[in-house]
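Reader: I have a structure to go through before class. Can you take me through it in short answers?

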Amino acid sequence: AFSFGLWEGAVRQWGTDDGRRRHGQWLADGQTFIAGCDASGEDRLEVFRDGIARTLPWDTGRIVAMAAAPRSSLVAIANHRNEVLVGDVDNGELHVADRSDHGRSESLAWSPDGAWLAYPSWTSARHIAIKLHEVATRTSTLATQPDFRDYSPAFDPAGKYLYFLSVR
């Protein structure tokens, strides 16, 4: 069974006993919970809202990381196919933000306004750069030079600075 609760009040169970659910995230509305589920044999995104569960028809691949945007119904997904996907849970749109031929992204970070997604992208078999995906234009660009192994991006609370770790 899939259940979660708040610190106050009773635990609420949504969903059934079939499949594993992973990478759970609350959407910005505070009423919608999403999680990856493998009940069908393939990872799918389940949406829980108002006591009702539904499965999105997205082909997400095996989900390795997921992050909900802070001010919208957008969710970013990194999968085993080395793709970074951005989808809108409310309108059902999903697009590939980026894909690497060398490795997968395992950390995703939204800017506080939800306009940008930062993620590590393998640019070669030895190098990882941080990329920024602009949601409005659906374009991605390098934020760091692909000379090292940059990973774990994070925005400061105001969204003015982008932090990351690097192996140099």
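Predicted model: local features only at pLDDT ≥ 70, side-chain atom pairs only at ≥ 80, totals over all residues.

Reader: Ok, cavity. How many cavities of 30 Å³ or more are there?

Author: The count is 1 cavity of 30 Å³ or more.

Reader: And what volume does the largest cavity have?

Author: About 40 Å³.

Reader: Which residues line the largest cavity?

Author: Among them are Asn82, Val84, Asp98, Arg99, Tyr119 and Trp122. The lining also includes Gly103, Arg104 and Pro120.

Reader: How does the lining divide into nonpolar, polar and charged?

Author: It has 4 nonpolar, 5 polar and 3 charged residues.

Reader: Which strands supply at least two residues of that lining?

Author: Strand S10 (94-99) and strand S12 (116-122) each do. The largest share comes from S12, with 4 residues.

Reader: New topic, the sheet. What is the order of the open sheet of 4 strands?

Author: The order is S3-S4-S5-S6, and the pairing is antiparallel. Strand S3 (21-26) and strand S6 (52-55) are the edge strands, each pairing on one side only.

Reader: By how much are neighbouring strands of this sheet turned against each other?

Author: By 20° on average, with direction ignored.

Reader: Over how many bridges do S3 and S4 pair?

Author: S3 and strand S4 (residues 32-37) pair over 4 bridges, in the antiparallel sense. As one example, Arg21 has Cys37 in S4 as its bridge partner.

Note on methods. Residues numbered from 1 in each chain as written. Heavy atoms only, no water. 1 Å grid on protein atoms, 1.4 Å probe; cavity = no way out; pocket = protein on both sides within 12 Å on 5 of 7 lines; lining within 4 Å. Points joined across faces, edges and corners; volume = space filled by probe spheres on them. Nonpolar A, V, L, I, M, F, W, Y, C, P; charged D, E, K, R; others polar. Pairing = 2+ DSSP bridges. Axes fitted to C-alpha atoms, helices over the stretch in contact; angles between N-to-C directions.
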